Amino acid sequence: MRKGFKNDLGWSDVTPRGIWMNRRSLLLGAGAAAGAGMLAAPARASIEASPSAFSTDAKPNTFEEITTYNNYYEFGTDKSDPSRNAGGLTTAPWSIRIDGLVDRPGEYGLEDLMQGVALEERIYRFRCVEGWSMVIPWIGFELSQILNRVGVQSGARYVAFETLLRPEEMPGVARPSIEWPYREGLRLDEAMNPLTIMATGLYGEPMPNQNGAPIRLVVPWKYGFKSIKSIVRISLTDQMPPTSWNMLQPNEYGFYANVNPEVDHPRWSQASERRIGSSIFAPRVDTVKFNGYGEQVAGLYAGQDLAKDY
Ligand SMILES: Nc1nc2c(c(=O)[nH]1)N[C@H]1C(S)=C(S)[C@@H](COP(=O)(O)O)O[C@H]1N2
Ligand SMILES: [Mo]
């Protein structure tokens, strides 16, 4: 079993059974599940149970750090606001509207959408555009699994995402900061890349509200603002969709937002980062292009000038 997992059976109470079974085999490991012979988990889940080749072996941040130092402006702009204010967010029932250039558009209940989807742990580096970083053990599945299920039409070029907007549960939206709902987008090839996941938990627990419950995007080679939380809408489009930070400050936050130490933010350097949890006296660490995922994603940008397409 992977270090860091808590074997809490309470998770099954809030998780559709199919997903929970996958997690059981994930937790028990392929060998244990097969050997015990008592789990009806499909063989597929066991394969997914082996540690992901996409996971970093860097030491994850603590659960405490990951769940108390957050950006989720719907609950306030201080790093400590989301953990204090997001507890009252209603996350069940939850549905996601999938529309635009898809064969099977509709309003999908989260349980239906995730039926038979294989969950896995992905330990990813996470780099915020503000210059700090963490390592987070997400639980999730590749976004391509649901895009393939709804059927992406040949004219689709981009995927647009929207966060829930529910002012009565989101004290931060009363203050004008960004234009709500929070919006993000990816190019279709970025969305289909195996590194791009929809995360439903972390540290083997259901996703904490402040981290984007019940389901959020994680795109580890891009600045954190691309990883939109609490998603209620996914639209396939033929045009590059408007995105919140780009709408607010287009010269500071681009659509691509690939982690890149060679392209500074207009107001600060992006050459280095501060690892959350390290001593304030610890030296900043060098930022790596594509946040270290260049081997998997650099090819997506062949022929593009990343200083222009920032
Ligand atoms: N809906 C929504 N999604 C969001 C944000 C937000 O304010 N609202 N902040 C983004 C930013 S800037 C970052 S760095 C990450 C932070 O994710 P974390 O709190 O899980 O570390 O969420 C991103 N997703
Ligand atoms: Mo961020």
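Modeller: The space taken by ligand 1 is the largest pocket, a pocket being an open set of points on a 1 Å grid over the protein atoms alone, with protein on both sides within 12 Å along at least five of seven lines. This is a predicted model, in which local features need pLDDT of at least 70, side-chain atom pairs count only at pLDDT 80 or more, and totals for chains, interfaces and linings use all residues. Residues are numbered from 1 along each chain as its sequence is written, and side-chain values use heavy atoms, with hydrogens and water left out.

Biologist: Which residues come nearest to ligand 1?

Modeller: Asn70, Tyr73, Glu74, Thr163 and Lys229 come nearest, out of the 17 residues around ligand 1, where a residue counts if one of its heavy atoms lies within 4 Å.

Biologist: And what lies 2.7 Å from an oxygen atom of ligand 1?

Modeller: That is a polar side-chain atom of Lys229, and a side-chain N or O atom of Arg216 is 3.0 Å from a ligand oxygen atom. On the backbone side, an N or O atom of Ser227 lies 3.0 Å from a nitrogen atom of ligand 1. The protein buries 99% of the 530 Å² that ligand 1 exposes when taken alone, by the Shrake-Rupley method with a 1.4 Å probe.

Biologist: Switching topic, is Arg183 buried or exposed?

Modeller: Arg183, found in strand E6 (residues 183-187), is buried, because its relative accessible area is 17% and buried means under 20%.

Biologist: What does its side chain contact?

Modeller: The Arg183 side chain makes a polar contact with the side chain of Glu179 at 3.5 Å, a polar contact being a pair of N or O atoms within 3.5 Å, one able to donate a hydrogen and the other to accept it.

Technical notes. Chains are lettered from A and ligands numbered from 1 in the order in which they are written. On a 1 Å grid over the protein atoms alone, a cavity is a set of points where a 1.4 Å probe fits but cannot get out, and a pocket is an open set with protein on both sides within 12 Å along at least five of seven lines; lining residues have an atom within 4 Å of a point. A molecule sits in a cavity or pocket if more than half of its atoms lie within 2 Å of its grid points. Helices (H or I, at least four residues) and strands (E, at least two) are DSSP runs, numbered from the N terminus. Buried means under 20% relative accessible area, exposed over 50%, partly exposed in between (1.4 Å probe, protein chains only).
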